[in-house]
Amino acid sequence: FILPSSQAVTGKNQTQNRPAKSRRVLYAPTGYERVGIILNKGKEYKYYLFSPKTPLKLEMEGTTELAIKVRLLYDVTMKGAQSFTVLIEEGGLLGTRSKVASYSFTAQKSRISTLQGETEVVPSKASGFKLVVPNGKHHYTISLRSTAAQSAAIRILIPKRDLKPEKKGK
């Protein structure tokens, strides 16, 4: 069966019919060391800083998939490639935690990104991963491990459609 040329489906038509990608928005953790602004190619990006001493706390409701970008923060003593691990644990009953995931990276200093207001610190190039959050409420702890770095910066993006509307106060 061949379509007449006036009815032929073109590549352009096929791309127009695809559903639009879900837009992701920044998701704020419930606990972190502080907020930092990373400047990259003239744009400002809000990151949440955490350290081995102050892990990041994240409370959320699934089902969703988070896109996470993490940058190691180099201090003046750090040179060359640096390895680090991001450990994700979930809080359980009686304060116990179970490991959800662990991601290891090798960082390189960024040549174009800076941490606003801090000349002694240079962010690494961004490394990323996805975290699938199953159905229900979850309390995650994200820790920085296996590194000489004092801290890291993280940016958590969630599909806008997965955000739950906030309930009005009584």
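## A loop residue to start with

Ser146 sits in the loop that joins strand E9 (127-145) to strand E10 (151-159). Welcome to this structure, which is a predicted model. As a background point, most residues other than glycine have a negative phi.

Is Ser146 buried or exposed? Its relative accessibility is 59%, so Ser146 counts as exposed, the cut-off being over 50%.

You can find Lys41 in the loop between strand E2 (34-40) and strand E3 (43-50). With a relative accessibility of 68%, Lys41 counts as exposed because the cut-off is over 50%.

## A cis peptide bond

Now look at the backbone step from Gly62 to Thr63. Which form does the peptide bond from Gly62 to Thr63 take? This bond is cis, and its omega is near 20°. In general, most peptide bonds are trans. Thr63 itself belongs to strand E4, which covers residues 56-74.

## Aromatic rings

Finally, turn to the aromatic side chains. How many aromatic pairs does a search of the whole structure find? The search finds four.

Which residues do ring pairs link into a cluster? They are Phe84, Tyr103, Phe105 and Phe129. To see this cluster for yourself, pick out those residues in the model and follow the ring pairs that link them.

Technical notes
Residues are numbered from 1 along each chain as its sequence is written. This is a predicted model: local features need pLDDT of at least 70, side-chain atom pairs count only at pLDDT 80 or more; totals for chains, interfaces and linings use all residues. Side-chain values use heavy atoms; hydrogens and water are left out. Helices (H or I, at least four residues) and strands (E, at least two) are DSSP runs, numbered from the N terminus. Buried means under 20% relative accessible area, exposed over 50%, partly exposed in between (1.4 Å probe, protein chains only). Rings of Phe, Tyr and Trp (its six-membered ring) pair if their centres lie within 6.5 Å; planes under 30 degrees apart count as stacked, over 60 as edge-to-face and the rest as tilted.
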